Protein chains: 2
Amino acid sequence: MRIREVQHPARIVPAAFLITILIGTALLMLPAAHAEAGGAPWIVALFTAVSAVCVTGLVIVDTGTYWSPFGQVVIMALFQIGGFGMMTAATLLGLMVNRSLRLRTKLTAQVETHSLGVGDVTSVAKLVLIVTIIAESIVAVFLTTRLHAAYDLPLTEAAWSGVFHAVSAFNNAGFSIHEDSLVRYASDAFILVPVMLAIIVGGLGFPVLHDLRNRLRDPHHWSVHTKLTLLGSGVLLAGGAAILLFFEWSNPLTLGPLTVAEKLLSATFASVSARTAGFNAIDIGALTHESWGLHYFLMFIGGGSAGTAGGVKVGTAMILILLVVAEIRGRSDTEAFGRRISISAQRQAITVLVLGSTMVVLGTLVILRQTDIPSDQVIFEVISAFATVGLSTGITADLPEAAQLMLALLMYVGRVGTITLAASLALGEHRMPYRYPEEHPIVG
Amino acid sequence: MRIREVQHPARIVPAAFLITILIGTALLMLPAAHAEAGGAPWIVALFTAVSAVCVTGLVIVDTGTYWSPFGQVVIMALFQIGGFGMMTAATLLGLMVNRSLRLRTKLTAQVETHSLGVGDVTSVAKLVLIVTIIAESIVAVFLTTRLHAAYDLPLTEAAWSGVFHAVSAFNNAGFSIHEDSLVRYASDAFILVPVMLAIIVGGLGFPVLHDLRNRLRDPHHWSVHTKLTLLGSGVLLAGGAAILLFFEWSNPLTLGPLTVAEKLLSATFASVSARTAGFNAIDIGALTHESWGLHYFLMFIGGGSAGTAGGVKVGTAMILILLVVAEIRGRSDTEAFGRRISISAQRQAITVLVLGSTMVVLGTLVILRQTDIPSDQVIFEVISAFATVGLSTGITADLPEAAQLMLALLMYVGRVGTITLAASLALGEHRMPYRYPEEHPIVG
Ligand SMILES: [K+]
Ligand SMILES: [K+]
């Protein structure tokens with residue numbers, strides 16, 4: 001039973017993010033947010049607010065020392081709001097375009113009408129909130145216990161660090177109150193594993209989590225989206241870790257000095273984190289150039305749709321791969337798990353890929369014009385911003401203001417743009433009253 | 001009237017190219033081909049033969065001084081055969097998959113059957129040959145006259161240089177008998193303009209040339225392929241030149257010291273040449289990094305289908321752009337010039353793009369593993385090889401053998417692969433007796 005229709009979320013999301021960013025900037029400019037006397041400059045406050053709301057984690061100042069406890073709470077609130085808001089909005093958008101994504105029977109009827117009622121919004125928001133609170137609490141308790149027991153931190157300090165990193169991990173925000181991110185815990189599985197799990201769960205996206213929760217023992221009835229996302233995430237995670245091990249095994253600045261078990265842990269963590277979380281337990285600037293190339297790829301793909309992850313999304317990449325496979329096998333339909341992927345989903349996937357690549361290319365060219373930094377580092381930073389990853393080869397803080405603003409724009413477009421775009425594209429679809437005659441131009 | 005069916009060209013082409021390469025390698029290893037005593041080492045002969053047959057123009061030795069006149073004739077013969085062979089084969093393949101590509105009424109009926117007769121092969125080959133001879137002769141006469149008159153070269157030397165560069169230009173081979181390519185003629189419009197015209201005509205592809213020749217004054221009846229290729233080529237050429245002017249205007253090592261007219265000439269020539277010809281009149285290694293980025297883009301796209309050009313082709317890129325535009329406008333059909341682009345052409349375009357990008361990424365990673373050369377130079381060389389462009393930032397000669405072999409493989413796959421692939425994909429298309437139910441996964 002629908003009470004009244006709500007405003008179209010694809011139009012609300014960009015404005016809501018912008019308003020949150022502006023409020024965050026204002027709060028961070030307050031002297032109370034700054035660890036030292038006086039307020040932070042507007043560019044620092046703005047960049048940090050954008051990075052937090054867009055759950056990116058790129059920083060130009062050290063979160064743990066530059067900002068006061070109040071400032072750190074503001075930052076955590078911003079990435080919690082950003083992550084929660086996007087997860088809720090993207091799920092609602094997905095509901096409107098995707099018939100296979102059923103939350104409740106009640107909602108199914110409305111999918112056809114491409115509209116949502118207030119009741120749907122609140123019920124989705126409530127579910128997302130419950131998942132968020134449960135996941136973050138479990139991880140925070142684990143981290144707090146470990147930090148208190150093994151690192152002799154006083155309980156309040158351990159709890160603050162535990163909560164901050166748990167929230168940051170589940171929202172794939174990548175913010176850390178340590179200047180070296182998680183490098184100090186590089187060989188501590190009791191820290192890295194809970195963080196990894198939070199990243200993975202948050203990054204799969206709400207539709208997948210919902211499917212798993214309702215039908216965990218019944219994989220046959222998972223949606224194609226769930227199957228594609230789980231398969232793709234698994235392959236990227238394992239493949240990324242294996243290739244990183246290969247490239248970095250004997251690099252004295254990264255995995256070289258570690259034991260085999262530590263190498264495995266670090267490579268797995270880096271592979272998980274590269275896909276959008278943005279924590280690092282090894283020095284990104286010291287990686288081989290081949291590993292940077294791998295990071296371009298992992299970061300650009302990102303995580304699952306309608307979650308806290310960025311990038312073009314695993315589902316998008318999987319559809320493109322299936323399309324190529326179908327073409328090579330000479331099948332006229334693109335198929336997955338006994339379903340044929342709709343033409344419009346395929347076309348959306350290509351659109352997301354092409355527009356994403358275009359943003360990265362333009363962003364790189366703009367920043368290259370303003371600095372003398374080698375292009376491979378600029379490309380790294382641009383993809384990291386666009387895919388809201390937050391890993392850095394270490395150049396962000398030293399960039400000129402205009403380049404930092406470009407990165408902020410990339411974070412905003414990357415976070416708000418692809419999903420808004422994909423959804424508004426799908427909703428805008430309409431049939432023409434006539435069709436042109438078909439033609440098959442030459443390709444390749 | 002069909003006498004008998006010929007073997008499927010998509011299966012002949014890779015083998016024919018391989019055999020030509022092996023014969024070329026053997027000939028270039030003869031002591032008679034080497035300017036100094038003794039035969040050339042196998043790696044030098046192989047790399048040069050691959051580069052010539054695949055009309056790329058990447059070299060590891062200077063063509064004008066390392067090879068004897070006999071060796072230079074062999075090289076010219078190889079790129080003439082390579083260019084002619086590909087133009088003929090690709091046109092025949094296009095005929096089989098493309099109903100809109102009509103050479104003769106006689107052929108039209110056979111298009112439906114996806115097969116060709118011996119008569120078709122000879123008539124296409126004859127037409128391609130006539131176009132080739134006419135175009136090359138005109139340019140050779142122009143160049144010879146200019147070299148004899150303005151540079152005081154003896155007539156035989158001027159004629160040899162004129163013929164060599166005319167054949168090289170029309171076939172988009174990029175080989176030059178000068179170590180500095182065409183840098184010495186950087187401000188001589190009487191050399192650069194004829195060369196540019198030969199490049200453009202050769203690079204448009206035979207189907208476009210045929211359409212223009214038969215229906216020059218009747219653009220309404222040009223095929224969609226012709227319209228897309230002409231529009232795309234025009235935009236890339238003008239846009240590329242404009243952006244290069246912007247990036248290089250005051251670069252003291254490239255356009256900086258030139259007059260405004262010379263700047264315009266050089267930028268236009270570089271834009272034309274980047275798309276696949278591979279001659280350079282300015283020092284590629286001295287370009288700004290932004291210009292390298294532009295070159296990645298121009299080289300990867302390349303020229304027209306079924307011509308001497310490489311890359312993923314202008315038509316492919318145009319289809320992808322049209323697809324994105326249609327998606328953004330919410331149209332369910334991808335349209336161009338009052339026609340709707342077939343779904344299978346769109347899927348082929350994506351496949352060519354994805355496989356091409358994959359080759360470039362893999363090639364770059366393999367070469368990065370073997371050297372300490374900065375990645376932006378490696379990427380440049382890899383795209384240049386894959387798109388059979390032949391421009392170089394200057395690293396090719398100094399690469400280890402394994403990396404040179406990787407470049408040779410990229411040239412071969414880039415030359416033979418995309419077209420074979422596209423054609424064999426289109427021919428392999430078949431409908432399944434049943435279809436799976438449709439599903440629309442979440443994208444982006
Ligand atoms: K992040
Ligand atoms: K070339």
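**Labels and their criteria**

In α7(A), the buried residues are A:Ala158, A:Ser161, A:Gly162, A:Phe164, A:His165, A:Ala166, A:Val167, A:Ser168, A:Ala169 and A:Phe170. This is a predicted model, in which local features need pLDDT of at least 70, side-chain atom pairs count only at pLDDT 80 or more, and totals for chains, interfaces and linings use all residues. Residues are numbered from 1 along each chain as its sequence is written, chains are lettered from A and ligands numbered from 1 in the order in which they are written, and side-chain values use heavy atoms, with hydrogens and water left out.

Q: What makes a run of residues such as helix α7 of chain A a helix, and what span is expected at 1.5 Å a residue?
A: Helices are DSSP runs of H or I with at least four residues, strands are runs of E with at least two, and both are numbered from the N terminus. Helix α7 of chain A covers residues 155-170, which is 16 residues. The expected span is 1.5 Å times one less than the number of residues. For this helix that gives 22 Å, and the distance from its first C-alpha to its last, 22 Å, is close to it. Just after α7(A), A:Asn172 takes a positive phi of about 50°. Chain A as a whole has 16 helices and three strands.

Q: Why is B:Thr132 called buried?
A: Buried means under 20% relative accessible area, exposed means over 50%, and partly exposed lies in between (1.4 Å probe, protein chains only). B:Thr132 has a relative accessible area of 3%, so it is buried. This residue belongs to helix α6 (residues 118-151) of chain B. Not counting residues up to four places away in sequence, B:Thr132 touches B:Gln80, B:Phe84 and B:Phe170, a contact being heavy atoms within 4.5 Å. In chain A, 61% of the 444 residues count as buried.

Q: Which protein atoms are the donors of the potassium ion (ligand 2)?
A: Donors are N, O and S atoms within 2.8 Å of the metal, or 3.2 Å for Na, K and Ca; water is not among the atoms, so sites may look incomplete. The O atoms of B:Val55, B:Thr56, B:Asn172, B:Thr276, B:Ala277, B:Thr388 and B:Val389 lie 2.5 to 2.8 Å from the ion and are its protein donors. B:Val55, in the loop between α2 (42-53) and α3 (63-66) of chain B, and B:Val389, in the loop between α15 (375-386) and α16 (401-428), are 334 residues apart, and the pair links distant parts of the chain. B:Val55 and B:Val389 are both buried.

Q: Why is the pair of B:Phe246 and B:Phe247 called tilted?
A: Rings of Phe, Tyr and Trp (its six-membered ring) pair if their centres lie within 6.5 Å; planes under 30 degrees apart count as stacked, over 60 as edge-to-face and the rest as tilted. The centres of B:Phe246 and B:Phe247 are 5.7 Å apart and the planes lie at 45°, so the pair is tilted. B:Phe246, at a relative accessible area of 54%, is exposed, whereas B:Phe247, at 8%, is buried.

Q: What kind of aromatic pair do B:Tyr296 and B:Phe380 form?
A: The pair is edge-to-face, with 6.4 Å from centre to centre and 65° between the planes. B:Tyr296 lies in helix α12 (residues 289-301) and B:Phe380 in helix α15 of chain B, 84 residues apart. B:Tyr296 and B:Phe380 are both buried.

Q: How do you know that A:Lys263 lies over the face of A:Trp249?
A: A charge sits over a ring if NZ of Lys or CZ of Arg is within 6 Å of the ring centre and within 35 degrees of the ring normal. A:Lys263 is at 4.8 Å from the ring centre of A:Trp249 and lies over its face. In chain B, B:Lys263 lies over the face of B:Trp249, at 4.9 Å.
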